[in-house]
Amino acid sequence: MCFCPHFSIRSCLQPISLLFIPPSTSTTTVTDQEMPLHHFIFSFLTLAFCPTSSVAAAASKEQTLNTQDAEFFNPKLPPRTLSSSKRFEGSSNLVDLRYHMGPVLSSSPINIYLIWYGRWSLSQKLLIKDFITSISPSATPSPSPSVSEWWKTVSLYTDQTGANVSRTLVVAREHSDARYSHGYHLTRLSVQQVIATAVKAAPFPVDHRNGIYLILTSHDVTVQDFCRAVCGFHYFTFPSMVGYTMPYAWIGNSGKQCPEVCAYPFAVPGYMGGGGPGALLPPNGDVGLDGMISVIAHELAELTTNPLVNAWYAGEDPTAPTEIGDLCEGLYGTGGGGGYIGQVIRDRKGRTYNMNGNKGRKFLVQWIWSPALKACAGPNALD
């Protein structure tokens, strides 16, 4: 539920509670001691995604591995004693990720209903849709490491009948609300009202079986707790608000509001300039949008494996679950952890990515927890 790609604050709003996770001191494992949970009661329900990763400076020099078109790249590779494990980063036998008998989104295809709230350019919409369509298998697959390979890990999760999360996601329909019908500031409840407006206007059907309603807010829209505690969240709609119970997620464009919080490592806090790694160049030239992509990926992975908050998560409290994206927050490649994003790829223009998508697109997407490896995994793993 919470992913905080930047510096010293790791917090996220959980359903009914605020989960504060102090910065971890370990670089390779996730344990109960490293992720203590302190709950503060709130009066609403959400599952939140808030990017951050703690700051750490490494004494070792930048290391690269040249390939024909790009190079593997880690701006601050950890000391050898912290990166010699042959297992995937984040591996731990202490993580108790369990199935709680609820549904996963196994019907194929999973229909994505996009709500563009605010003003979005055509190029911005195409970038996000190209990422979503990159998830599904293709007759002409993208070069490895690919987004589709990344989603294979998500599809390993099953329900009580043994049905896997679907490998296929499609953009079923879109709705644009360029008039800001609910204002320039949204609360958690008014986010659901945005969905209700789209459903009542009939651009969207009621698809509670295999639909995901994805609300994306433009850079000039503020949302309750955005930048302060979350960069995105997922939950399900309340019948009193929308008329039906349907899985949804919200993600905001942080490009003008808090890129150093929600678009890390493409922007970094000012105080990191002297000691930590510098900002990396985004693969598609848009700090806000490229930062959104990983948040969208995080939320889609968790929403498909835990759509009603009663399927796959760690912990005993369903109001504060730790989900498959939360377990790997801040990890993008081999050697990651403790503030290091890990070994990623840098092209000849200096743009950083770890996965290939459709139409020659490149993306930087966080890893997720593999139920088979019991570790964080991604298609760009080197070990």
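Reader: What does the accessible surface of the chain come to?

Author: Accessible areas come from the Shrake-Rupley method with a 1.4 Å probe, and for residues only the protein chains shown count as cover. Here the accessible surface of the chain is about 14600 Å², with 55% of that belonging to carbon and sulfur atoms. This is a predicted model, in which local features need pLDDT of at least 70 and side-chain atom pairs count only at pLDDT 80 or more, while totals for chains, interfaces and linings use all residues. Residues are numbered from 1 along each chain as its sequence is written, and side-chain values use heavy atoms, with hydrogens and water left out.

Reader: Which share of the residues in the chain is made up of buried residues?

Author: A residue is called buried under 20% relative accessible area, exposed over 50%, and partly exposed in between (1.4 Å probe, protein chains only). In this chain of 383 residues, buried residues make up 59%.

Reader: How many helices and strands are there in the chain?

Author: Helices (H or I, at least four residues) and strands (E, at least two) are DSSP runs, numbered from the N terminus. The chain has seven helices and 21 strands.

Reader: Among contacts between residues at least 6 apart in sequence, what percentage joins residues at least 24 apart?

Author: Contact means heavy atoms within 4.5 Å. Of the contacts in the chain between residues at least 6 apart in sequence, 75% join residues at least 24 apart.

Reader: Let us turn to a strand. How many residues of strand 8 are buried?

Author: Strand 8 spans residues 110-117, and eight of its eight residues are buried. One side carries Ile110, Ile112, Leu114 and Trp116, and the other carries Asn111, Tyr113, Ile115 and Tyr117; both faces are covered.

Reader: In which sense do strand 8 and strand 9 pair?

Author: Two strands pair if DSSP finds at least two bridges between them. Strand 8 pairs with strand 9 (residues 169-177) in the parallel sense, over eight bridges. Within this pairing, Ile112 has Val171 of strand 9 as its bridge partner. Strand 8 is also joined by seven bridges to strand 11 (residues 211-217), and these two run parallel. There, Tyr113 stands opposite Tyr213 in strand 11.

Reader: Why is helix 3 described as largely enclosed by the rest of the structure?

Author: Helix 3 (residues 147-154) is largely enclosed because six of its eight residues are buried. These are Val147, Ser148, Trp150, Trp151, Thr153 and Val154. They pack against several elements, including helix 2 (122-134), strand 9 and helix 7. Strand 18 (355-356), strand 19 (362-363) and strand 20 (368-370) are also among the elements that they pack against.

Reader: How many disulfides does a search of the whole structure find?

Author: A disulfide is a pair of cysteine sulfur atoms within 2.5 Å. The search of the whole structure finds three disulfides. In one of them, the sulfur atoms of Cys227 and Cys258 are 2.0 Å apart. This link is left-handed, with -75 degrees about the S-S bond. The pair links distant parts of the chain, 31 residues apart: Cys227 is in the loop between strand 12 (222-223) and strand 13 (232-236), and Cys258 is in the loop between strand 14 (247-252) and helix 6 (259-262).

Reader: What joins Cys231 to Cys262?

Author: A disulfide joins them, with an S to S distance of 1.8 Å. The link of Cys231 and Cys262 is left-handed, at -80 degrees about the S-S bond. Cys231 lies in the loop between strand 12 and strand 13 and Cys262 lies in helix 6, so the pair ties together parts that are 31 residues apart in sequence.

Reader: Why is the disulfide of Cys328 and Cys376 called left-handed?

Author: The sulfur atoms of Cys328 and Cys376 are 2.2 Å apart. The disulfide is left-handed because the torsion about its S-S bond is about -100 degrees. Cys328 is in the loop between strand 15 (312-314) and strand 16 (344-347), and Cys376 is in strand 21 (residues 375-377), 48 residues apart. Cys328 counts as buried at 0% relative accessibility, and Cys376 is buried with a relative accessible area of 0%.
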